[in-house]
Amino acid sequence: MEGDQSLFILIIKLAFVAFFLAVMWKIFEKAGKPGWAAIIPIYNIIVLLEIVGRPIWWIVLLLIPIVNIVVGFLLALDLSRSFGHDLAFALGLFFLGFIFYPVLAFGGDTYRGPAAAG
């Protein structure tokens, strides 16, 4: 009985991972980047930094405790602005990402260019 529950939980977790990989794949494609980049660890962060217009060395900031929270919010804000949204949508991406990232991926939003670059 316990083994069945563990298998069920594993299947649910894998479904969530697959869904969010598909979400990031779609966001990358909307931004003109290869969707497959979403499934490659570390490279996916580099591509995200390119999409929002931040320098690649920011990946180091994501490794520093506390600083990574601030940088994560700035990336959410830049991603929001790169798709024509405002601070409210960025707050949604940061605090309710499981709702707002799919909205960004599968909604009618279009990529307007890296927000941080200009």
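Here is a walk through this structure, going from one of its helices out to its surface and its salt bridges.

First, some ground rules: this is a predicted model, so local features need pLDDT of at least 70, side-chain atom pairs count only at pLDDT 80 or more, and totals for chains, interfaces and linings use all residues. Residues are numbered from 1 along each chain as its sequence is written, and side-chain values use heavy atoms, with hydrogens and water left out.

Let's begin with helix α4, which runs over residues 67-82. Helices here are DSSP runs (H or I, at least four residues), numbered from the N terminus. Helix α4 has 16 residues and reaches 22 Å from its first C-alpha to its last, close to the expected 22 Å; that expected span is 1.5 Å times one less than the number of residues. After α4 comes Gly 84, with a positive phi near 85°.

Which residues of α4 are buried? They are Val 71, Leu 75, Ala 76, Leu 77, Asp 78, Leu 79, Ser 80 and Ser 82. Buried means under 20% relative accessible area, exposed means over 50%, and partly exposed is in between (1.4 Å probe, protein chains only). The cover over these buried residues includes α1 (2-30), α2 (43-52), α3 (58-61), α5 (87-95) and α6 (97-106).

Take Ser 80, which sits in helix α4. Ser 80 counts as buried because its relative accessibility is 0%. If you set aside its neighbours within four places in sequence, Ser 80 is in contact (heavy atoms within 4.5 Å) with His 85, Asp 86, Phe 89, Ala 90 and Leu 93.

Now for the outside. A nonpolar patch on the surface is formed by Ile 66, Ile 69, Leu 87, Leu 91, Phe 94, Phe 95, Leu 96, Phe 98, Ile 99 and Val 103, with about 950 Å² of accessible area together. Such a patch takes residues with over 30% relative accessible area and no salt bridge, and joins nonpolar side chains (Val, Leu, Ile, Met, Phe, Trp, Tyr) within 5 Å. The areas come from the Shrake-Rupley method with a 1.4 Å probe, and for residues only the protein chains shown count as cover. Helices α5 and α6 each supply at least two residues of the patch, and α5 gives the most, with four. One of the patch residues is Phe 98, found in helix α6; Phe 98 counts as exposed because its relative accessible area is 54%.

Next, the charged pairs. How many salt bridges does the structure hold? There are two, each being a side-chain nitrogen of Lys or Arg within 4 Å of a carboxyl oxygen of Asp or Glu. In one of them, the side chains of Glu 50 and Lys 33 meet at 3.2 Å, N to O. Glu 50 lies in helix α2 and Lys 33 in the loop between α1 and α2, so this pair ties together parts that are 17 residues apart in sequence. Glu 50 is partly exposed at 34%, and Lys 33 is partly exposed at 27%.

Asp 78 forms a salt bridge with Arg 54, and their closest N and O atoms are 2.5 Å apart. Asp 78 lies in helix α4 and Arg 54 in the loop between α2 and α3, so the pair ties together parts that are 24 residues apart in sequence. Asp 78 is buried, with a relative accessible area of 5%, whereas Arg 54 is partly exposed at 24%.

Finally, look at Trp 57, in the loop between α2 and α3. Trp 57 is exposed, with a relative accessible area of 52%.

Note on methods:
Patch = residues over 30% accessible without salt bridge, like charges linked within 9 Å, V, L, I, M, F, W, Y side chains within 5 Å.
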